[in-house]
Each structure stands twice: as structure tokens, then as C-alpha cells.
Amino acid sequence: MLPYRSYVLISRDQLLRNYRSVRAAAGPGVAVMAVVKANAYGHGAVEVARVLVAEGVEWLAVSSVNEGVALRRAGIEKPILVMAGLLPQEWPALADSRLTPVVHSLEGLRTLEHLAREAGKTTEFHLKIDSGMYRLGTRAAAAEIIAALRETKHARMDGLMTHFASPTDYTSTQTDEQTAYFTGIVEALRAAGFCPAHIHMSSTNALAYKRNPGWLTMVRPGHALYGYVSPARGDAPKPLLDVKPALTWKAKILIVKDIAAGSRVGYGGSFRAPEAMRIAVLAAGYADGVPHRLSGRGKVIAAGTLVPILGSVSMDLTTIDVSHTPSLAPGDDVTLLGREGNVGLDAQQIARMAGTISYAILCGIGDRVERVYV
Ligand SMILES: *Cc1c(COP(=O)(O)O)cnc(C)c1O
């Protein structure tokens, strides 16, 4: 038990085991780019990057230039890919920190070429192909891409990538269609003499469900490193990865009180005690990342059992039912996410109760929740 109001314990060993499972699934000769965007899905980007770099990860990926700069300031020296777009005003920081941007359009390619030339530098980039997700990436035909690449001198293509929209969905052909589209572009570029060192398309779920064809040189997992693979739809193979959550989230009990039948708990009085009860108020609320949508429907683990959240989750506080766990007292910890004995609650289960996805639960764990590495 630690002296914080709310904290997460992050297991370096479990991160390593997850990473090794990813590495084994990717197979020999395939590099791993660890996705540590959004503060490593709430796990702490610098610390996670340090653990994985020490274990030999080849690349790191973030969303923004600022995230990449923070890793460089912490002394991380591996190549870092900035995936979610580059604004021209971010270019100086990108160049100073030796980050590799993803280029998402031919216009973006010309802008990067211009910026590099003006700065008297050369820069490497990965080009993202929109293979049918219709988010970031270029839909330009191979011939247009080749023509644009022939015009670039200061910007050098070091990678080609795409991203799947629905790799867990075995009732849809979208992944096969995206793979075919991307393969077509890669081959046309290759025939024209553009053979970048890195070709990658598989994030966690594509890797877990063996969606990656052999010619890939790199995989790009995030969620798996933190212990999660999304459930599949339809006739999917058994996931290749053996990963477990690396993070446990705790909150302190601030006060315990006995209330009479008919008492209304919390904002709006949305919970009315059907009988005399004992309640506890926890030192974490939606500002810490406990989803407001768990109001009246979420659960936490208290003294080894699942107990319900009562009434509204408020900004800093959450109230739970401890009628059947009389040993609990102020200063004790309860588990918001994690395991106590046989009882567990992971981000996917919490997400189901809150009507969201596990990614959002992990990324939502607030800044004021202390991160502790064990
Ligand atoms: C976030 C992200 C990933 C990692 O996805 P996971 O499902 O967490 O493995 C990979 N590639 C891109 C482009 C991403 O944005």
C-alpha cells in the first residue's frame, strides 16, 4: 500500500513479458516499433520506452512532435516515428529532435521537401498509404506517388506504412482489401526503384490475429504491450499473443459511513439506499479518469470482492457499497483496475460497463494519478 490518494502500479516485468510475446509472434527478422503515444496509453511514455529500449526494441512511435521531444529530452536515442501529422510550425522541433515524421499526402511531401531545403537539411520520413480506412494517408495512385518522390531530394523515404480499420472483424473483407491495395502500391514503388527500409501495417490486432503477410519488415503494436488484444468478430483464429495487463489502479478510502434506508447518495440523489447500508468514498473521480458513465453501474474491487459504485461519479470522488466488506476503513486501498486474489477487473471489462473501449479507459487515467513502477 502506497501513500497516494490514487496511483497506478506498472509492472516492468509484465511489460517485458508482453513485449517478448509480441517479438515472438512477429517472428525473426521483423522489427518491433513500440507505440508509446498518449503517455504510453497512460503507463508513462518515458519509463515504458526505457524498459523496451533496454530490451532491444528497434523503433518507438508517438502521435505528436511534442511527445517525441519529451522522449528525446529523457535521453531516448532510438528512432522515433511521429504518426499523427506534422504542422509546418512543428518542423524546427522535429528536426532538432531528430524525429521521423509520417507524411500523409503528396502535398505534405512537398511541404516537407521545402522545409528541409530551406533549413539546409535532409530529413527522412515514412509515407502512409490510405489503403481504405479513409483517415490519414494518401489515396494518390502509385504513378502520382512515384512522380512526387522523384521530385524530392531533401526528404528521403525510409518507410511505407498503412493502418487497418478493422483487423478483428472476420465477418468483413476490409482487411484483405486494404492489404491488397497496400501491396499493390508497395510493388509499384519497388518496380520504380523505391524500396524503403521499413514496410509496416500491423498494429496489435493485426499481429494478434496473424493478419500480417510475410513481406512486412516491422510491426507496430501499442495495446498488446500494455496487455490487451481486442476480441474478434466472426471466425477468427485464436490470438497469437500471450499478454496480460501491466497496470493496476488503486484509490484510497477517505471515509466510511453507515446510512439509513432511503438515504440519497451523491449528486442528483440518483442512488437511494433500499436498506441500511455502509458506504465508502474513494479519493478518485472523473478528473482522475474514472468514467462518469460508471455512475450507478460500475464496480470496483474492495477487500477482494466486486462492489458497486453508488450514484454519480463526481470529479474527485466516487462512492461505493461496502456493506459486505466491514473490514474496510479510511486509508485502505481499493482496486479500480487490477486483481485482488481471484477477482479481476481489466480495462476491457470497465470499458464494457462504461460503454467505451479499453484504450479510452487506459488513456483516460489522469495526470494526478501517481505512476509507480515495480
Ligand atoms: C495507435 C496506433 C497503433 C497502435 O495500435 P494498437 O491497436 O494499440 O496496437 C499503430 N499504428 C497507428 C497508426 C496508430 O495510430
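How much space lies in the largest pocket? The largest pocket holds about 520 Å³ of space. The structure shown is a predicted model.

**View 1. The largest pocket and its lining.** About 520 Å³ of space lies in this pocket. Its lining is made of 25 residues, of which Lys37, Arg135, His163, Ser203 and Tyr359 are the closest to the centre. At least two lining residues come from helix H2 (37-41), and at least two from helix H9 (204-208). By type, the lining has 12 nonpolar, nine polar and four charged residues.

**View 2. The second largest pocket.** This pocket has a volume of about 270 Å³. Asn205, Ser230, Pro231, Gln348, Ala351, Arg352, Thr356, Ile357, Ser358 and Tyr359 form the lining. Helix H10 (347-354) and helix H11 (358-363) each contribute at least two of the lining residues. H10 gives the largest share, three residues. Four of the lining residues are nonpolar, five are polar and one is charged.

**View 3. The crossing of helices H1 and H3.** Two packed helices are described by the angle between their axes and the distance between the axes. Here the axes of H1 (residues 12-26) and H3 (residues 45-54) come within 10 Å and cross at roughly 55°. The two helices are therefore oblique to each other, and their crossing is right-handed. On the H1 side the contact is made by Arg12, Leu15, Leu16 and Tyr19, and on the H3 side by Glu47, Val48, Val51 and Leu52. Six residues of this contact are nonpolar, two are charged and none is polar.

Definitions and conventions. Residues are numbered from 1 along each chain as its sequence is written. This is a predicted model: local features need pLDDT of at least 70, side-chain atom pairs count only at pLDDT 80 or more; totals for chains, interfaces and linings use all residues. Side-chain values use heavy atoms; hydrogens and water are left out. Axes are lines fitted to C-alpha atoms, for helices over the stretch in contact, and angles run from 0 to 180 degrees between N-to-C directions. Helices (H or I, at least four residues) and strands (E, at least two) are DSSP runs, numbered from the N terminus. Angles under 35 degrees count as roughly parallel, over 145 as roughly antiparallel, 65 to 115 as roughly perpendicular and the rest as oblique. A crossing is left-handed if the near helix is turned anticlockwise from the far one by less than a right angle, and right-handed if clockwise. Contact means heavy atoms within 4.5 Å. Ala, Val, Leu, Ile, Met, Phe, Trp, Tyr, Cys and Pro count as nonpolar, Asp, Glu, Lys and Arg as charged, and the others, Gly among them, as polar. On a 1 Å grid over the protein atoms alone, a cavity is a set of points where a 1.4 Å probe fits but cannot get out, and a pocket is an open set with protein on both sides within 12 Å along at least five of seven lines; lining residues have an atom within 4 Å of a point. Grid points are joined across faces, edges and corners, and a volume is the space filled by probe spheres set on the points.
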